[in-house]
Structures are given as C-alpha cells and as structure tokens.
Amino acid sequence: MDSLETELERARALDESELADAIEAIGFECTRCGACCKAESACGEDGESADETAGVVDGGSGTDESAQSDPEPHTATVFPDEIRQLQAAGEYDFRDVARPMPYGLADGPDGPEGETFEWALQTDDCGDCTFYAEDDDGMGACTVHGDRPLICRTYPFSVALGGTSQPMGEAVDEEGMVRAHECEGLGRDISSAEAEELAAALKERAVRELEEAIGVRDTYRPVDPSSGQVVVHDSEGAKRPDGSPYE
C-alpha cells in the first residue's frame with residue numbers, strides 16, 4: 001500500500017462524476033430493511049439473541065456452537081466531530097452516541113480492556129445501533145437521519161483506496177473505483193441526482209478516513225492502561241470511553 005499521504009492525495013483527486021456514474025451503473029435503493037443498522041443475530045424482547053431464545057424453547061442444552069456465541073454487535077465508525085454533532089443534535093451524553101471500537105480490545109475480568117483506534121456508534125442491548133428504530137410493520141428508520149455519520153450516508157459503497165474502510169466485509173460488486181458491499185438494495189434503479197449526492201459523500205468519507213488515520217498516527221503516544229481500562233486513540237489524542245482526555 002502507498003503511504004497514507006499518497007492515498008489522501010488520490011482521495012482528494014477523485015472525480016465525483018465518475019463515482020456517480022459507477023454508483024448508477026451498480027444501482028442502489030435503500031429498502032429500509034435495517035440490516036446495516038442491526039446486529040448480525042436477531043434479538044428477542046428481553047434482549048436475548050434469537051439463537052439463545054431458540055435454545056430455551058427447543059429445550060436445547062445450550063452447548064452447540066450457535067448458542068455459545070454472542071450476537072456480533074453493529075459496528076459503524078464515527079469520527080470525533082461527528083460524535084459532537086450528534087451530541088448537539090439531541091443533547092446526548094458522549095456515551096449515548098459512541099463507544100470504543102471493540103477491535104483490539106481484550107476481555108478482562110472486569111470487561112473489555114486495552115487500546116483501540118476508532119469510535120463506533122453506540123449500540124443497544126440487542127447490539128443494534130442505538131439510533132435505529134422500527135415501526136409496527138418492521139420498517140426501519142434512523143432517528144438522527146439528518147445528522148447521520150458519513151459511514152451511514154454512503155453505505156453500501158466504499159472506494160478502492162488503501163487506508164479506507166470496507167463496511168460489512170468484502171465487496172460483492174465493483175465498478176471503477178467504487179466497491180459495493182452486501183445489501184439487498186443493490187441493483188435497483190437510482191437517479192442521477194441521488195447518485196451524484198452519494199458520490200460527493202463517498203469522496204468526502206474517503207478523504208476524512210485518511211485524514212483521521214494520519215491524525216491518529218501523528219498524535220499517537222504509547223500508554224499503559226491498567227487492568228479494566230480502555231483507551232481510544234483518535235486524531236485528537238488518547239481518550240477515555242466517555243470522550244475525556246486520557247492523562
């Protein structure tokens with residue numbers, strides 16, 4: 001992979017019209033299924049995963065592989081300024097909006113501990129995004145839609161640049177620099193205007209991801225968190241899970 005600075009130059013030079021053409025060629029329309037906002041496993045009314053509930057209903061011993069595994073929580077990267085924007089939009093506390101990205105953390109005796117390098121949108125007891133809601137018909141909606149982070153505004157697309165994220169795993173389709181990830185809305189008609197709006201957000205996200213990565217690299221200072229502590233390194237420095245500086 002080229003240096004982050006080189007990839008940032010490439011991101012800033014992306015042609016939005018070419019990105020829009022690629023998005024239009026792939027096709028996309030959000031069906032409001034909520035799959036990109038929810039944990040991988042369904043959740044019952046009491047907060048248990050569907051696998052756990054099935055084990056009880058079926059009289060299972062709970063020793064099979066699915067019963068032992070917890071549902072994978074929803075993880076969507078959010079930038080520090082996006083956290084503040086969401087806080088201001090709804091007068092939320094920091095922890096209402098974001099949590100340390102779990103990747104890189106260890107399971108300690110008192111819960112997660114260690115260091116990580118990103119923030120993720122907060123989740124509920126089911127592992128779904130805390131800002132996701134469904135109506136009586138199961139139609140999904142984002143309760144902060146106007147202020148949703150770039151990762152949400154651009155799903156299911158990413159650009160083929162080093163140092164940028166691939167949401168929901170590997171690409172299932174691609175056109176030019178644009179990659180498409182698993183989503184039931186792919187292949188549907190999208191207007192030129194919608195494709196252009198998505199392309200602008202996609203370019204912005206690519207630039208922001210690389211700027212954040214460079215910022216994290218440049219501000220990183222080794223710390224030695226004690227047992228049970230979590231430290232998040234973002235572009236503004238080391239922080240505690242509540243967003244306050246780690247000193």
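How are α1 and α8 oriented to each other? Here are some notes to go with this predicted model, starting with that pair.

1. **α1 against α8.** The axes of these two helices come within 9 Å and cross at roughly 160°. Angles over 145 degrees count as roughly antiparallel, and α1 and α8 are therefore roughly antiparallel to each other. The crossing of α1 past α8 is left-handed. On the α1 side, the contact uses L4, E5, E7, L8, A11 and R12, and their partners in α8 are K203, A206, V207, L210, E211, A213, I214 and R217. Sorted by class, this contact has 8 nonpolar, no polar and 6 charged residues.

2. **The buried side of α1.** Helix α1 spans residues 4–12, and its buried residues are L4, E7, L8 and A11. They lie on the same side of α1, because the arc they cover around the axis is only 105°. Part of the cover over the buried residues of α1 comes from α8, residues 192–219.

3. **α2 against α8.** Helix α2 (residues 16–26) also packs on α8, at an angle of about 120° and with the axes 8 Å apart. The two helices are therefore oblique to each other, and α2 passes α8 in a right-handed crossing. From α2 the contact draws on E16, L19, A20, I23 and E24, while α8 supplies S192, A195, E196, L198, A199, A200, L202 and K203. The class count for this contact is 8 nonpolar, 1 polar and 4 charged residues.

4. **α5 and the residue after it.** In helix α5 (residues 80–90), the buried residues are P80, E82, I83 and L86. These sit on the same side of α5, because their arc around the axis is only 160°. Just after α5 comes E91, with a positive phi of about 55°. E91 belongs to the loop between α5 and α6 (94–97), and its relative accessibility of 76% makes it exposed.

5. **Backbone spots to look at.** As background, most residues other than glycine have a negative phi, and most peptide bonds are trans. Along with E91, which is not a glycine and has a positive phi, please look at R32, where phi is positive and near 60°. R32 lies in the loop between α2 and α3 (50–57) and is partly exposed, with a relative accessible area of 42%. There is also a cis peptide bond between Y155 and P156, with omega about 15°. P156 is in the loop between α7 (150–154) and β8 (157–159).

6. L186 is in the loop between β10 (178–180) and α8.

7. **The chain overall.** The protein chain has 8 helices and 12 strands. Of its 247 residues, 38% are buried. Among contacts with a separation of 6 or more, 65% join residues 24 or more positions apart.

Terms used
Residues are numbered from 1 along each chain as its sequence is written. This is a predicted model: local features need pLDDT of at least 70, side-chain atom pairs count only at pLDDT 80 or more; totals for chains, interfaces and linings use all residues. Side-chain values use heavy atoms; hydrogens and water are left out. Buried means under 20% relative accessible area, exposed over 50%, partly exposed in between (1.4 Å probe, protein chains only). Helices (H or I, at least four residues) and strands (E, at least two) are DSSP runs, numbered from the N terminus. The arc is that of the directions from the helix axis to the C-beta atoms. Contact means heavy atoms within 4.5 Å. Axes are lines fitted to C-alpha atoms, for helices over the stretch in contact, and angles run from 0 to 180 degrees between N-to-C directions. Angles under 35 degrees count as roughly parallel, over 145 as roughly antiparallel, 65 to 115 as roughly perpendicular and the rest as oblique. A crossing is left-handed if the near helix is turned anticlockwise from the far one by less than a right angle, and right-handed if clockwise. Ala, Val, Leu, Ile, Met, Phe, Trp, Tyr, Cys and Pro count as nonpolar, Asp, Glu, Lys and Arg as charged, and the others, Gly among them, as polar.
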